[in-house]
Amino acid sequence: MVSRRTSRSADGQSESVDNELLAALPPADRDRIVPALEVVPLTLKALVQKAGEPVRYIYFPAGGFLSVVTILEDGAMVEVATVGREGAVGVTAALEGATAEAAAIVQGETQSCYRMAADVFRREMDRRGAFYDLITRYAHAFVGFVMQSTACNAVHSVEQRLARWLLMAQDRMAANEFPLTQEFVAMMLGANRSTVTVVAGTLQKAGLITYHRGRVTILEREKLEQASCECYRVTTKLLRSVTSSGRRQQR
């Protein structure tokens, strides 16, 4: 994995950042933190965090997204959350010697992700300043996100859940077309491939998407929102509230 240190602009200030958590920090905190970050690419299907292993880095995506997955005893993986530019992966490193509760896999690749060493992260958290407040709000929102997703998986149809996931993926990729394999859809939905084929076919026949050779294209965003459940709206609002409240406090 190629990495580079973030740079400073000609006037000595840190460069702007595309991750929404980092961008929501007060300028003084951002200028202190950004030079300690590395910019690394996120390659499709790369495993950036392993369950049960110490957290070495915290990842702040500047594009694309990661899937946080639970791995069962038989090796099967089930997605419990996705993280894009609105969040971070590895925040449990705030606890000394903490290990990852779940694995994190790249599902939407990008050339820019900010990576912070765990010791730097803990040092910033120990300041109990703006960074601590922001990460704490995000951690609470992330728990709410996982809880909403759990309820969604229990009571909503596979079609609604797939529509919701596609909307979130489109938001994070900022594109109408992106890679999506049947294998991953099955993992994400906790369903078998035959179910995936039927559900994807239903959305395609309705003219909402096209799906061919591992790539999906969103054709009708508004209709896809109608096909989704309320969980897309609820979780999106929840995550956006983290940085919107941070910006209000800076005024």
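1. Phe145 is buried, at 2% relative accessibility; buried stands for under 20% relative accessible area, exposed for over 50%, and partly exposed for what falls in between, with a 1.4 Å probe and protein chains only. Phe142, with a relative accessible area of 21%, is partly exposed. Helices (H or I, at least four residues) and strands (E, at least two) are DSSP runs, numbered from the N terminus.

2. A word on the source: this is a predicted model, in which local features need pLDDT of at least 70, side-chain atom pairs count only at pLDDT 80 or more, and totals for chains, interfaces and linings use all residues. Residues are numbered from 1 along each chain as its sequence is written, and side-chain values use heavy atoms, with hydrogens and water left out.

3. The aromatic pairs come to 6, where rings of Phe, Tyr and Trp (its six-membered ring) pair if their centres lie within 6.5 Å, and planes under 30 degrees apart count as stacked, over 60 as edge-to-face and the rest as tilted. Phe142 and Phe145 make a stacked pair, with 6.3 Å centre to centre and 5° between the planes.

4. Phe145 also has a charged neighbour: Arg164 lies over the face of its ring, at 5.7 Å from the ring centre. Arg115 is placed likewise over the face of Tyr57, at 3.9 Å from the ring centre. The rule for a charge over a ring is that NZ of Lys or CZ of Arg is within 6 Å of the ring centre and within 35 degrees of the ring normal.

5. Which residues form one aromatic cluster? They are Phe65, Trp165 and Phe184. Trp165 and Phe184 are both buried.

6. The largest nonpolar core has 77 residues, and those with the most contacts inside it are Phe60, Phe121, Phe131, Trp165, Leu166 and Leu224. Helix H5 gives the most to this core, with 9 residues. Such a core is a set of buried Ala, Val, Leu, Ile, Met, Phe, Trp, Tyr and Cys residues joined through side-chain atoms within 4.5 Å. In soluble globular proteins, nonpolar side chains tend to be buried together.

7. Leaving aside neighbours within four places in sequence, the contacts of Phe60 include Leu21, Leu22, Cys113, Tyr114, Met116, Phe131 and Ile135. Contact means heavy atoms within 4.5 Å.

8. An open sheet of 4 strands has the order E3-E7-E5-E6 and antiparallel pairing; two strands pair if DSSP finds at least two bridges between them. Strands E3 (47-49) and E6 (77-83) stand at the edges with a single partner strand each, so one side of each is left without a neighbour in the sheet. On average, neighbouring strands of this sheet are turned by 40° against each other, direction ignored. Strand E5 (residues 65-71) is joined to E6 by 6 bridges, and Val68 has Ala81 in E6 as its bridge partner.

9. Two helices lie across this sheet. Helix H5 (residues 158-173) lies across E5, E6 and strand E7 (103-108), and runs at about 45° to E6. Helix H6 (residues 182-189) also lies across E5, E6 and E7, running at about 90° to E6. The axes behind these angles are lines fitted to C-alpha atoms, for helices over the stretch in contact, and the angles run from 0 to 180 degrees between N-to-C directions.

10. Strand E8 (residues 110-117) is joined antiparallel to strand E2 (residues 38-42) by 4 bridges and to strand E4 (residues 57-61) by 5 bridges, again antiparallel. Cys113 in E8 is the bridge partner of Val40, and Cys113 is the bridge partner of Pro61.

11. An open sheet of 3 strands has the order E9-E11-E10, with antiparallel pairing. Its edges are E9 and strand E10 (209-212), each with a single partner strand, so one side of each lacks a neighbour in the sheet. Neighbouring strands here are turned by 15° against each other on average, direction ignored. E10 and strand E11 (residues 215-218) are joined by 4 bridges, with Tyr211 opposite Val216 in E11. H5 lies across E9, E10 and E11 as well, at about 105° to E9.

12. Ala175 is in the loop between H5 and strand E9 (177-179). Its relative accessibility is 27%, so Ala175 counts as partly exposed. The C-alpha atoms of Ala175 and Ile218 are separated by 8.7 Å, while the residues are 43 apart along the chain.
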